[in-house]
Amino acid sequence: MTAILLLPLTFVFVLGYAVAAVRAADEHPGQGPPPWRVYPGGHLVTLALLLLTVPFVVVGIFVSSALHIAGLWQSNGTLLDVESFTAAVLILALPWGVVVLLLMPHATARYAATHRARDLFDFASSLRSVRRDFAAWNVTVAAIVTAWAIGLACAALFCVGVVPGVFYAILVSAHATAALNIEGTDQPAR
């Protein structure tokens, strides 16, 4: 749980746990989550996420520069910098989220089942899987987005804290993602 509390520093370890949770949910669906410890694989998931995020960061720099117009925001200085940066983030957040949700659930499920890095980076296979079994992907993505919304809302609304909320979101996301995979193949979900 300390890893979630220190998430900016422990991002790779938390992603390793998420892969282990997908694997556990796939192999033993009736049992609880895996024990909290350091699991391998988080560095590869981090690399995959960075690969998908870097193009949006580059485009975001250009969008922020294009929106850095004092007359548009009726401000200048640091406030203008913050406003143009925030606008760029808000413009690109939805397309980035769609790309990540299109590619990562199937890739993570395959990687958790096979432990092969090429399964994590085979984005074309992820798109084929989404096309072939759109209904299962749609339900999975709905569960993932809802889990993260509830997890973050619990931190703010119920004063539960961010650690239990993120832990809840990781576990629900892992369980939903595990439903997409059958033995690491490209077959439709169960």
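Mentor: With burial: a residue is buried under 20% relative accessible area, exposed over 50% and partly exposed in between, using a 1.4 Å probe and protein chains only. This is a predicted model, so local features need pLDDT of at least 70 and side-chain atom pairs count only at pLDDT 80 or more, while totals for chains, interfaces and linings use all residues. Residues are numbered from 1 along each chain as its sequence is written, and side-chain values use heavy atoms, with hydrogens and water left out.

Trainee: Fine. What does the secondary structure of the protein chain come to?

Mentor: It comes to 9 helices and 0 strands. From the N terminus on, the elements run α-α-α-α-α-α-α-α-α. Helices (H or I, at least four residues) and strands (E, at least two) are DSSP runs, numbered from the N terminus.

Trainee: How much of the protein chain do buried residues make up?

Mentor: They make up 42% of the 190 residues. The accessible surface is about 10400 Å², and 74% of that belongs to carbon and sulfur atoms. Accessible areas come from the Shrake-Rupley method with a 1.4 Å probe, and for residues only the protein chains shown count as cover.

Trainee: And the contacts between residues at least 6 apart in sequence: what share join residues at least 24 apart?

Mentor: 65% of them. Contact here means heavy atoms within 4.5 Å.

Trainee: Give me an example. What is Thr-46 in contact with, leaving aside its neighbours within four places?

Mentor: Phe-11, Val-12 and Leu-15. Thr-46 lies in helix H3 and is buried, at a relative accessible area of 13%. From C-alpha to C-alpha, Thr-46 and Phe-13 are 9.6 Å apart in space and 33 residues apart in sequence.

Trainee: Leu-15 came up there. Which residues are closest to the centre of the largest pocket?

Mentor: The pocket itself holds about 950 Å³ of space. It is lined by 28 residues, with Leu-15, Leu-49, Trp-96, Val-100 and Trp-148 the closest to its centre. Helix H2 (7-27), helix H3 (42-66), helix H5 (78-114), H8 and H9 each give two or more residues to that lining.

Trainee: What counts as a pocket?

Mentor: On a 1 Å grid over the protein atoms alone, it is an open set of points with protein on both sides within 12 Å along at least five of seven lines, whereas a cavity is a set where a 1.4 Å probe fits but cannot get out; lining residues have an atom within 4 Å of a point. Points are joined across faces, edges and corners, and the volume is the space filled by probe spheres set on them.

Trainee: H9 then. How far does it reach from its first C-alpha to its last?

Mentor: It reaches 24 Å over 17 residues (162-178), close to the 24 Å expected at 1.5 Å a residue. The expected span is 1.5 Å times one less than the number of residues. Its buried residues include Val-163, Phe-167, Ile-170 and Thr-177.

Trainee: Which aromatic cluster does Phe-167 belong to?

Mentor: Phe-167 forms one with Tyr-17, Trp-36 and Tyr-39. Rings of Phe, Tyr and Trp (its six-membered ring) pair if their centres lie within 6.5 Å; planes under 30 degrees apart are stacked, over 60 edge-to-face, and the rest tilted. The count comes to 6 aromatic pairs. One of them is Phe-121 with Phe-123, edge-to-face at 6.5 Å centre to centre and 65 degrees between the planes. Phe-121 is partly exposed at 28%, while Phe-123 is buried at 16%.

Trainee: And Phe-134 with Trp-137: what sort of pair?

Mentor: Tilted, with 5.4 Å between centres and 40 degrees between planes. They sit 3 residues apart in helix H8 (residues 134-157), so about one helical turn separates them. Phe-134 is partly exposed at 46%, and Trp-137 is buried at 10%.

Trainee: Changing topic. Where is His-115 found?

Mentor: In the loop between H5 and helix H6 (117-120). His-115 has a positive phi of about 65 degrees although it is not a glycine. Most residues other than glycine have a negative phi. His-115 counts as partly exposed, at 49% relative accessibility.

Trainee: Last one. Is Asp-119 buried or exposed?

Mentor: Buried, at 8% relative accessibility. Asp-119 lies in helix H6 and touches Ala-107, Arg-110, Tyr-111 and Thr-114, not counting residues up to four places away.
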